[in-house]
Each structure stands twice: as structure tokens, then as C-alpha cells.
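Colleague: I am new to this structure. Please show me how to read a few of its features.

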Amino acid sequence: MNKPANNLRNAFSTIGKSVKREDVIEKVTGEGAYVADLKPVGMLYGKMKRSDVAHARIKRIDVSKALAYPGVKAVLTHEDVPRVLHYGSPHPRSVSCTKDQYILDDKVRYWGEGVAAVAAISEEIADEALDLIEVEYEELPAVFTPEEAMKPGAPQIHEVGPGGNLVLDPVRVERGDVDKGFAEADFVLEGEFSGGRPMPGYMEPNVCLADWDGSGKLTFWTSTQSSFMVRGILAEVLGLPRTKVRVLVDHMGGGFGAKQDCFQHEFLCALLARETRKPVRMEFTRRETFLAGRSRHPFKLWLKQGFRKDGTITARDMRIVFDSGAYGSHSPGVTTVGTNSATSLYRCENVRLDGRAVYTNTPIAGAFRGYGVVQTYYALDIQMDEAAERLGMDPADLKLKNAVREGDIAPSGHAIVGHGLEACIEHGTRVFDWKGLRQGARCPDPAASHVRKGWGLGCEMHGSSAYPGIKEQGNALIKVNEDGSVTLMTGAAGLGTGAHTALAQIAAEELNMPFESVSVVHGDTDAVPWDIGAFASHTTYLVGSATRMAAAEARAGILRRAAEKLQTTADGLDMVDGRIFLRASPDSGLTVAEAMGPTPGIPSANILGRGTYEPTKSYSFAAHFVEVTVDTETGLVTVDRVVPVHDVGKVIHPIAAAGQIEGGIQQGIGHTLTEDYIIDTQTGRSLNAGLVDYKMPLSMDMPDIDTVILEAAPDPGGPWGAKGVGEDPIIAIGPAIANAIHDAIGVRFHHYPITPEDILNALNEKERQS
């Protein structure tokens, strides 16, 4: 297989340019079809009956009235579906999965869990039929917090796992001599940190459509980040060979990690369609995206660090507990990644870490952008600010002194490439005017003494790819057509981020052909090469590298074809902008279309380039500089300005990368100040399952964002040094805001969200103690 020539270079024709995305027009005009837009002839509507208790056995379930209701075509309960345990975190190549879910069970483990499903000729009839299903529960004792769940004698939520309501055995990491490190410290900081239950809030609710043909083959349209994962799990649970399951994914309205699971409704949709011999579509309401979707893991964390007078960190001891909710989902991965992340970001030779995930009778926590690292680095970065205050140092100076750098060991166990974090901090302090601002007035308007300004810094690092936690592989096929155009075939999902545009740019660059000549085929498991899924900030890094390899092989084939027609050798040819010519005589040559087309005695060519890439791990870095205003009369915090400085290696599509950064900042502002999906700790009932009471920041809440993208530490593992950017921006913004609030009012917060009520209570407490 031909490999790309040089990995890093300075002059590019396509990458590094913000070319127009192919999907823009159809999305703007509404012509782009999402799964919810599909309505095949005879389609039925599926709906789910959900439990109104948090923990119970189903003593009796009577569906006779629902089945008799006009327009109802099928009803399914736990008695009608395969009883096969499947992965909560459904990645068969993962080293840490847990099988703890049935399609439907005779036991419910959280308020809102599905207990039955209906297919009917309209949504209205399906909804009405749900009310006719009678369920008699035998309620069981429930636990709604990890503290309750871990107590001796607590009710056991599952029969699987290590026991004690642990999802997996504790993740423990230790290196160096922690006790010796603390003994050598000039002072020690210790604190407890916690975070709520933010939701991803993607625009497109979970939705799927199932249809079976006469041969017993299932065609399944769904909004997922991993079509091949869905195919594999559906096939396994339904007892089908993979050749009998075809999964289609075209446009997606976001996922943010949370659409990596196989959900109850997906299995039930397929089964209802098989039962009725009709296509069936199931679509979540917005309320259901809360009840049955996936949130970030709530957490509690204890952190202790030792420091020398010069700012050197001598030891780090951390314990973190993640609330998994009723099922494991991605808790094994989140716990592993979140715990290991504390080995890095700020250098420390002596670390002792303990990470746990605990079942509770609450909605399921799953994968979410920043996968376990958001929680860990929130605590670590805030405590670094506290240490700087204790030392009388500038926080930026302390973080720069301890920042990980070239050759340090990353959380994955790989050596870090380049000085990305140092570059981000150094560059940001200059462009933000960090030192000048912090020396200025906290109350710039004497007439409004209750309004205070503050400035904060948060840092992060995050991996491109999930290896070694998941053994990943990226694949790409490139077909050169007889007219000289190129088709890239990829299994990578497009979440709305423009990933397919970036892959097309990479193909065009390696081929040295115009970007417009490359089209992308994706989202059909029967037609495209296998892909593990769009997650872990790895699409550009992983699939982009495979695409480049495929393009290199295709380019070599084109040159061999042209050499045959020009009666020369491929070694003597070059190709620039889709034109092939003799190096010795640049005016002599032909176009790719002429090379590929037929000539007398030579039929049209059939050239296919293949690329397979198995990565290790690369890390991107960022430092976010934030200005906030705190109103001490109302407790309202306004984020006024953010300067995010990101090192992402070589940038493929600048506007798309900046969009990822700005979107992550918006989500992070919500996490830090307003967003929390609240569960009643007495009943397990959801209290704000909807966008009326769950407060996400809107466009008018957005600050001025001056995005800076550096190419400080390109990684040879990515195409031309490119690394990931998808998850990074949501990580650093939270501690930056918390640190800026402290800078403004002198009050330190160790949790999120930091609400106006929290601000006012803390200021009142500060006044009482003064």
C-alpha cells in the first residue's frame, strides 16, 4: 500500500482553507432529510410507556385494552422481546464494557424507564394507547445518590458487576512515592469538588426508522454516532448475521457523544416493525431526550496536592466518584479516562488516584463531550489557582511552570509531542493582556459599586482517539471515476460539524486535485468501510489519516495509468491540480479525466485506493482566558469575553475548527453557570425534563470570543500533523469562569453550576465572617 510522502509541510492547496461545505445548501433550504423527515408508505408510529416509579418489579402488565384500541397494530412488553443482555457501552473492541441491559425487563431501575412499546397508525393513537396499558408494580427500596448506594446493606440495583453497586472495579493509578512527596511539600492544599448533571441538548432528538424486507433483512435509519456499532448490537441481540442488518445515517442534528449507545427504542422499533410487517418510526419528544437520553456524569471529587515554595507540585492524591445512574453505559470508559487524566496537565511525579462509578436509581449518564476530563480538570485547575493565591504568584505563571511538555508521559501512557500547552498559555497572556487587566480596577464604574470585574484562566489537554481504552481503526476507500472525479467512501458519521468536508480536503490535498472533484459517500453500512464511530475527537486524526493513505494509493494508480497512456514510467510523472505531466517536459501531459477514460486498445480504468490506520494517541491543548462581570446585588454572572487559545496541530478547515471551539464554549458556559438536570432525591422523579426549566445559554448570552488557533505542536500521527478539536473547548472554559468569579469577588466555588443563589449565599457568608 502506498504511504503518503511527507507528513509535515508548509505549502498546501486545499487544507488550511475554509472551503464551502457540500451540505450547506440543503441544510439551509431544508431539503436535507433527517430520519424524522422520512415517511415510507404504510409507516407506523412507535411510542414507549415509561415507568412512574424509580425501582420496582413489574408484578403485572395488561396490554389488552391497548391492543384492542382502533389503529393500534402491536404492543410489546418484556414478555415479547429477546432476553439478551447487551453492552451499556456498546463498543465490542473496548477493554472496559459492561453488559447490564435488556431491551425490556421485568424490573425498572429509574423513573422514566421504558416498560412497553406500541405501534399505531398515528402518533396520537399511539399516545392514547399508552394510557390504556395497565402496570402493577412491586416497589423496591431505591438509592438516588452514590453515597446512599455505597452504604453497607444498600439495595442492589444490578446482579452484574463487582457488587456494592459499583459499575466496575475501582480504577487505581499510582506512580512515584506520594507520601514522600507530601512530606517534601512546603504546604498542602485539600478540597472537595462536585458537579451536576448537564444534558447534551442536541437539536435533533433521538429517532429511528425500521423496515424489514421479504428476505428477513432489516434496514434501519437512525441518528447515531456509530452506525456499525448499532448494526453489530442489533444483530447480536436480535440473533441476526450482520449481512441481514443495514444501517443508514445521513444528516445528524448533533450528538456530543451521547448518541453512542444503543437505546431501548432502537431495539423496540426493529421488533415492532418485524411484528407488524410495516415500517415503524420512533422519535423521542424533547422530554424523552432527558428521561431516556444520556447526561454527563454527576461527580464528587476529593483532591489533595503538595507544593514547594517555588510552585513545584510534589504530590497529588485524588478520589473521584461518578454517578452512573441506573445502567453502566459509558461509565467504565469515563471512569478510566477521568481518573487517568489526573496524572497529567500539570506535572507531578508522585500521584495516587482512585476512580469509581456507582449505580443509582436515576437517569443514565453516558458519553458526553469531554468524557470524564471535564470533571477532573475542573477540580485540578481551580486548585492550581488556589495554590497560586497561597504562593502570591500569578496563576498563569504557576500553570506555565508546571505545564506538561515535550516528552512528558500523557494519561494514555504515551510521550507528549511538542510544547502545546506552554505555547497556549504564553500566547494567551499576551493577546488577552492578562497581566494588565488583572492590575486594573475591579469596579470600573464607581456609580455601580455592586458590579465587579474578574479575569480567570483555565487549561486543558485532551486526546485524539480513545486508544488504549478502545482499540481503534480508521478505514477509507477512494474510487477514481472514469471522468477523473473521485469518490471517498467512509463510515465516519457526520454530526453536523463538517467532518466529511475535512476528509474531502485531505483526499484532494494528497491527490493534488481540485477539492471540487472529490465527493463523499457515507452512512450506509452496506456500502462503506467499517468505522468505529465519530467520537473521542478522532475523526480528522483517525479517519483523516486513513483517507490520506487511500488517496496516496489512488494517486499512484492514476500515475501508473497515465504512464501507460504516455508510454513512460510513473516515476517520471507528477500531478498538480488534476493535471498529469512529465517532470522532464512539463508541457507534455494529460488530465486525470483523459488518463482514466478509454483509448483505443486501453479500456477505462478501475482504480481503488484503500487506507487503514490504527492510531496510538495524540493530545491537543488549550488555555482559555475569560473576563466576567459579577453583580453582587443579584448574583448574576455574565461572561463578557473569552480568548480561547488552542493548539490542534495542522488546521484542516479553519472556520469549522473555530465553530467547534465556540460551540464548546457555549456548552461550557451552560455547564458552569446554569445547566443542571435535577432529580428529586426522595422519589427519583425528573424535575426539569425540558428546555423551559432546563436553562441553556442562548445566542444573546454569548460573550465576545476571539478564537486563536495555534499550530504549535503538530503530531506526526495525524494528517500533516492535524489533531482533534471536538472535545477540547468544553473542558477549559469551566475552571476559567470559576477562577474569574473568585478574582472578581474573592469567593471560591468548588462546584458547578454556580448559580446566582450560590453567589449571594457565599457573599453573605463572607460578610458574616469578616
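Colleague: Is Q567 buried or exposed?

Modeller: The model is predicted. Q567 counts as exposed because its relative accessibility is 74%, and the cut-off for that word is over 50%. Q567 sits in the loop between α15 (539-566) and β22 (573-576).

Colleague: What is the phi of Q567?

Modeller: Most residues other than glycine have a negative phi. Q567 is not a glycine, yet its phi is positive, about 55°.

Colleague: Where does D577 lie?

Modeller: D577 is in the loop between β22 and β23 (579-582). Its phi is also a positive value, near 55°, and D577 is a residue other than glycine. With a relative accessible area of 53%, D577 is exposed.

Colleague: Which residues does the cis peptide bond join?

Modeller: Most peptide bonds are trans. Here a cis bond links Y752 to P753, with omega about -5°. P753 belongs to the loop between β30 (751-752) and α19 (756-769).

Colleague: How do α14 and α15 pack?

Modeller: Two packed helices are described by the angle between their axes and the distance between the axes. For α14 (residues 499-511) and α15, the angle is about 35° and the axes are 8 Å apart. Their crossing is right-handed.

Colleague: Which residues of α14 and α15 meet?

Modeller: From α14, the residues include A499, L503, I506 and E510. Among those they meet in α15 are T540, V543, R548 and I558. By class, this contact of α14 with α15 has 11 nonpolar, four polar and three charged residues.

Note on methods: Residues are numbered from 1 along each chain as its sequence is written. This is a predicted model: local features need pLDDT of at least 70, side-chain atom pairs count only at pLDDT 80 or more; totals for chains, interfaces and linings use all residues. Side-chain values use heavy atoms; hydrogens and water are left out. Helices (H or I, at least four residues) and strands (E, at least two) are DSSP runs, numbered from the N terminus. Buried means under 20% relative accessible area, exposed over 50%, partly exposed in between (1.4 Å probe, protein chains only). Axes are lines fitted to C-alpha atoms, for helices over the stretch in contact, and angles run from 0 to 180 degrees between N-to-C directions. A crossing is left-handed if the near helix is turned anticlockwise from the far one by less than a right angle, and right-handed if clockwise. Contact means heavy atoms within 4.5 Å. Ala, Val, Leu, Ile, Met, Phe, Trp, Tyr, Cys and Pro count as nonpolar, Asp, Glu, Lys and Arg as charged, and the others, Gly among them, as polar.
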